[in-house]
Each structure stands twice: as structure tokens, then as C-alpha cells.
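Subject: Structure handover

Hello,

I am passing this structure on to you. Please open it and keep it beside this note as you read.

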Amino acid sequence: MDFSEPDEAVQIKKALDDFIDREVAPLESEHPEFLGEDYERHIVDDDYYQVPEYREIRETIREKAVEAGFYGMGMPEEVGGGGVDVLTKAIVTEHLANRPPGFHSAIMGGAGGPTPILLAGDEAQREEYLEPLMAGEITTCFALTEPAHGSDPQYMDARAEKDGDEWVIDANKYWITNGPYADFAMVFARTSGEDGEYEGITCFLVDADAEGYSVEKVHRTMGLTPGGQCELRFDGVRVGEDKVLGEVDHGFQTAMNWIGGGRISIAANAVGSSQFLLDLAVDYARDRETFGKPIGHRQGISFQLADLATDIEQTRHLYRYAAWKMDNDERARKEESMAKLRGAQLNNQAADVAMQVHGGSGFMKDLPIERQYRTARVLRIFEGTDEIQKRTIARELI
Ligand SMILES: Cc1cc2nc3c(=O)[nH]c(=O)nc-3n(C[C@H](O)[C@H](O)[C@H](O)COP(=O)(O)OP(=O)(O)OC[C@H]3O[C@@H](n4cnc5c(N)ncnc54)[C@H](O)[C@@H]3O)c2cc1C
């Protein structure tokens, strides 16, 4: 059994550090109000993503990341990706999350970027959607959740009906990341069957300028969730048969396969940002003195750090094991869910420990801890809540 990181991951991490120092750090210095460690001091509310200048900076980083080959690195080489395996991509994701703040989705793709679900597309769809997506020229969004159905999307209210050669889509989708800015949406609607059935759901590629497509409320969120979440409406949107991704009635399974890899990325990201928080806390515990001694010499503090370090290591091995199974074509549904569940819990715990160790200074916006504290919370909700991960694990067991 070899626990060393694959050579490719080590090389990419090094190249990524160079890239950040060369291309991203100058932008950080130029725009501390958006990308610097203390950007939230400059922007009082959390709507910074809606500031055009912030988005332009992200787009600049994206273009440079495409040129450097980091963007879409997990996509196959035949579509212009880096062809790296799930484990390598996850290790790089962890590495990136160990650097503040959250611009990594602009480098590696993230919710609006290239997604394996589009590999289900035919040649024409690959040309029209996947190629410009890989080139960073356009972005997309994944529109599954609805006001009445989040954990149970197979009960969705969205409908698409055939009218001659066209499909007519009526749907209302909620909390769609990158929805406000996407050039096209991957929209899921029931095309046959009964509520609750996995079969009978189809995925459509819908251009944002299609008649009847509208961006409704852009939601304000807790913490840093780059991409902006919004409500999307599809009122009698007409699309041709060429806009069906994969097979009619089989869109749900395609979506679930994609979400699998996403869970590992979330876990890896959680481990990276938990490590960042632990490192901050350790440094602080070494320096901060009370009653004439560094607080790190007190068991009340050092044991918190020891427990956190242990949990980080445990979760790191869990996500790597899940990724390794996927790369070896083994069923990993249970392990992916375990990694996502533990990763999400870990990041919340890490933010809590870091804040406790820092005392009052952790609570102030001068340090990135309070932001991480708020940002960590969503990990327990999106891409399957804690409870839904447990449900999946239990179903694999029983
Ligand atoms: C920041 C953010 C970004 C998002 N981005 C996207 C996106 O890009 N695209 C998209 O389609 N969706 C997106 N979502 C939606 C997200 O996937 C859902 O919020 C999530 O799946 C949970 O659904 P829900 O919020 O409707 O909660 P519900 O399903 O209503 O669940 C409410 C509570 O009940 C629990 N629960 C539900 N069913 C069970 C059960 N059987 N057993 C035990 N407990 C249960 C849940 O765990 C939760 O605690 C995003 C959400 C957030 C917060």
C-alpha cells in the first residue's frame, strides 16, 4: 500500500503555487477590496459577487487558468481537459483550499465551469457548449433544485412536453449557483413516469437568451459561496430535440454520476480549508501568552488542536480512498458520501476551534476565521445534506 501522493499531483501543486504567485498575487495586491485577505473590510455586505469589477477579475483569472491548463483539469484530454484522475484532482483541490480566499473555482472551473455531465452530449453539443466552456469563454449552471424539492429532486414539479419537433419546458429552479451569469443552463424536467421515479427525467441544455428563460431573485447568502445563487424560471421555453443532453428520460442518472465526483471535491476542499484554519490556530497558540505562558502549552488548547489535526488526517484519507476507488472503477457511493459528510462536519469544527483558540481576535473581520466560520456551514447543506449522505450510506449497508 502506497500512501504517497501521485507524482502528477505533486507537480501540479507546484505549478499552481507558481501560477498563483505570478498571475493571481499581483491582482490581489491591486484589488485588496476583492481578493486580498481582508477584502470583507472593504465590502460591507456579501453581495460582492454582483460587483462587475469583481467578476471581471475572476474572468481574468479564468482566462489565465485556461491558458495554463488548470481549468477543467479533470476533464478528458480529447475534449481539451487535463485528463487527471479523480485522486489527483482532489489532492490539487485540497491544496488550493489551503490558500485564502475562495478564488479557486475561477482556476479549476467550479460550479459554472466544465462538467463531466456534458460528456453525455453528442458531437454538435460538444462543439456548441463544451468547447467554449473548456475555453473559459462561457459559463453554465446546474438547475435541479426547486422550491418544493431539494433532497428529493425525483419528485420535481418541472415538466417538459413534446410539441411537434420541440420540447416545451415549464420549470422553476431555486438556489442555482452561477445562475445569474450562466450562458446556458442544464435544466432537469420530468418528461414521463410518475413523481418519485428516477426514470422519466430529462436534462435539457437551454440558452440563457431563450424566450421564457428568466433570472428571478438573486439570493443573498451566508458566507462565501462564489457564483451567486438565484431563482431561474422557464416559462414555456421551447427547445429542439437537439437540446436534450444524453437520452430522453435518463437525465437523472447522468446528473447523479456527476454529483458523485463533486462530493469528493467538496471533501477535499473541506480538508484543505480545515488545514488552513488549523495552521492559523497552531501559530496563534504558539505566540499568544496568558498567565505568563503560550496558550498552546495548556492542555485545554493543545488537545483541541490535537483532535482537529487527527480529524483532518482521518478525513483526508477517507476522501483519497473514495477517489482511489473511483479511479479503479470500483463502486464508491458509500465512501463518497462518507467523505462528504465528514468533510462538511470537519470544516465547521475547524472554524469553531480556530475561533475559540483565537478568542476575540477570531471573531473580528480582520482575520479570515469568521468568514470561514460562515462559509463552512453551507457544506453541510448543498450537494446532499448530512442527512442525505447518511441515508445513502445506510442504503449501501442495508
Ligand atoms: C449555496 C447553495 C448552492 C446551491 N447550488 C445549487 C445548484 O447549483 N443547483 C441546484 O440544483 N441546487 C443547488 N442548491 C440546492 C441544494 O442542493 C439543496 O439546498 C439541498 O439539496 C437540500 O435541499 P433543500 O434545501 O430543499 O432541503 P430539504 O430537502 O427540504 O431538507 C430540509 C431538511 O430535511 C432533511 N431531510 C430531507 N429529507 C430527509 C430524509 N429522507 N431523512 C432525513 N432528513 C431529511 C434535510 O437533510 C434537511 O435538513 C444549492 C444550495 C445552496 C445552499
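Below is what was found, grouped by topic.

Please keep in mind that this is a predicted model.

**Salt bridges**

The structure holds 23 salt bridges. Three of them are described here one by one.

Start with Lys13 and Glu5. Their side chains meet in a salt bridge, at 2.7 Å from N to O. Lys13 is buried, because its relative accessible area is 16% and the cut-off for buried is under 20%. Glu5 is partly exposed, with a relative accessibility of 23%. This pair does not stand alone. Glu5 and Lys13 belong to a network of salt bridges that also links Glu94, Glu313, Arg316 and Arg320.

Next come Asp18 and Lys14. They form a salt bridge too, and their closest N and O atoms are 2.9 Å apart. Why is about one helical turn the separation between Asp18 and Lys14? The two residues are four apart in helix H1, so about one helical turn separates them. An α-helix has 3.6 residues a turn, so residues three or four places apart point the same way. Side chains of opposite charge can then pair when their charged atoms come close. Asp18 is partly exposed, at 33% relative accessible area. Lys14 counts as exposed, at 52%.

**Helix H11**

The cover over that last pair extends along the helix. H11 is mostly covered, with seven of its eight residues buried. Those buried residues are Ile369, Glu370, Arg371, Gln372, Arg374, Thr375 and Ala376.

**A negative patch**

Now look at the surface. Which residues gather there in a patch of negative charge? They are Glu53, Glu56, Glu59, Glu63 and Glu67. Glu63 sits in helix H3, which runs over residues 52-68. Glu63 is partly exposed, with a relative accessible area of 48%. That value qualifies for a patch, because patch residues need over 30% relative accessible area and no salt bridge.

His31 and Glu53 are 22 residues apart in sequence, and their C-alpha atoms are 9.6 Å apart in space. His31 lies in the loop between helix H1 (7-30) and helix H2 (39-42). His31 counts as buried, at 12% relative accessibility. The other distance involves Ser29 and Glu67. They are 38 residues apart along the chain, and 22 Å separates their C-alpha atoms. Ser29 is found in helix H1. Ser29 is exposed, with a relative accessible area of 58%.

Ala124 and Asp242 are 118 residues apart along the chain. Their C-alpha atoms are separated by 8.4 Å. Ala124 is in helix H6, residues 123-134. Ala124 is exposed, at 52% relative accessible area.

How many residues does helix H9 have? H9 covers residues 333-358 and has 26. It reaches 38 Å from its first C-alpha to its last, close to the 38 Å expected at 1.5 Å a residue. Gly359 follows H9 and has a positive phi, near 60°.

Two other residues have positive phi without being glycine. One is Asp329, with a phi of about 55°. Asp329 is found in the loop between helix H8 (299-327) and H9. Asp329 counts as exposed, at 74% relative accessibility. The other is Asp249, whose phi is near 80°. Asp249 is found in the loop between strand S8 (244-245) and helix H7 (251-287).

Best regards

Methods: Residues numbered from 1 in each chain as written. Predicted model: local features only at pLDDT ≥ 70, side-chain atom pairs only at ≥ 80, totals over all residues. Heavy atoms only, no water. Patch = residues over 30% accessible without salt bridge, like charges linked within 9 Å, V, L, I, M, F, W, Y side chains within 5 Å. Areas by Shrake-Rupley, 256 points an atom, 1.4 Å probe, with all protein chains shown as cover. Salt bridge = Lys/Arg side-chain N within 4 Å of Asp/Glu carboxyl O. Lys, Arg positive; Asp, Glu negative; His and termini not counted. Charge placed at Lys NZ, Arg CZ, Asp CG, Glu CD. Buried < 20%, exposed > 50% of the residue type's maximum accessible area, 1.4 Å probe, protein only. Expected span 1.5 Å × (residues − 1).
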